[in-house]
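Hi,

Here is the structure I promised to pass on.

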Amino acid sequence: TGKVLWRTNLVEKFGKDTLYWDYGTSPVLTEQFVVVTVMHQGESWLAGWDKRTGKLRWKVARNYKTPVENDHSYATPIVTRHQGADLLLVWGAEHLTAHAATTGMMLWSAGDFNPGGQQNWVAVASPVLAGETVVVPYGRGTRLHGIKLGGTGDVTATHRAWKREDTGTFVPTPAEYKGKVYLVRDRGEVECIDPVTGRTEWSGQLPKSAASYYSSPTIA
């Protein structure tokens, strides 16, 4: 019917939006909750609202100290099931983190995405899950990482399957299809990536333009 069932104001409840480009992340649905993340300068968090009543059921802090703007994120979380449990995979502030979908509790985290300490490497494109690997774009389109699911605590040293420093995507989120990952890069380059090895299987080019490509690819 289009009737509004409930609403909430994130700024009024949780503080000023300090993102340079305003909110960009999308809410995601689990079996019970509407989950929203806010990652910016100041307190960053993810929270779950009862999707039927709008009541806040849980809220957990997610704060990391980073170079300028790198604590901002416009990426949307991934909802998945792994080893019998529903997970939320959250990307931003130079960390990929996994959280229990029922409580928000952090289960594991992977860092070391910016060892050189570059500034203004904001997370815009969302990661994509392909099998057991999370493919994470970073570095304003210059980096691509493959992180294996699983583990507990800090898995930075154990679960990075591969890293590329010659490709990536800044704004368009990659797409996954039949075990492959597809990138559209800033200048319209297209790449098919093997998520297990990180290797490029083929590449192509959309029509060139003076403007950058911002739309995420959709496979249908």
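Predicted model: local features only at pLDDT ≥ 70, side-chain atom pairs only at ≥ 80, totals over all residues.

Residues are numbered from 1 along each chain as its sequence is written, and side-chain values use heavy atoms, with hydrogens and water left out.

Strands here are DSSP runs of E with at least two residues, and helices are runs of H or I with at least four, both numbered from the N terminus. Two strands pair if DSSP finds at least two bridges between them.

**Around S10**

S9 (residues 128-130) pairs with S10 in the antiparallel sense over three bridges, with Ala 130 opposite Thr 133. On to S11 (residues 143-148): S10 pairs with that strand over six bridges, again in the antiparallel sense, and Pro 137 stands opposite Leu 144. S10 and S11 also form a hairpin, this one with four residues between the strands, and Gly 139 in the turn has a positive phi of about 70 degrees.

How many residues of S10 (133-138) are buried? Six of its six are (buried means under 20% relative accessible area, exposed over 50%, partly exposed in between, with a 1.4 Å probe and protein chains only). Thr 133, Val 135 and Pro 137 point one way, Val 134, Val 136 and Tyr 138 the other.

**The four-stranded sheet**

There is also an open sheet with the order S1-S2-S3-S4 and antiparallel pairing. Its edge strands, S1 (28-29) and S4 (56-61), each pair on one side only. S2 (residues 33-38) and S3 (residues 45-50) are joined by six bridges, and Thr 37 stands opposite Leu 46.

**Arg 62**

This residue lies in the loop between S4 and S5 (78-82). Is Arg 62 buried or exposed? Arg 62 counts as buried because its relative accessibility is 2%. Its side chain makes a polar contact of 2.9 Å with that of Thr 97 (a pair of N or O atoms within 3.5 Å; within protein, one must be able to donate a hydrogen and the other to accept it, and residues adjacent in sequence count only if both atoms are side-chain atoms). Ala 93 is 31 residues from Arg 62 in sequence, yet their C-alphas are 8.9 Å apart.

**Tyr 20**

Tyr 20 sits in the loop between H1 (10-14) and S1, and counts as partly exposed because its relative accessibility is 48%.

Cheers
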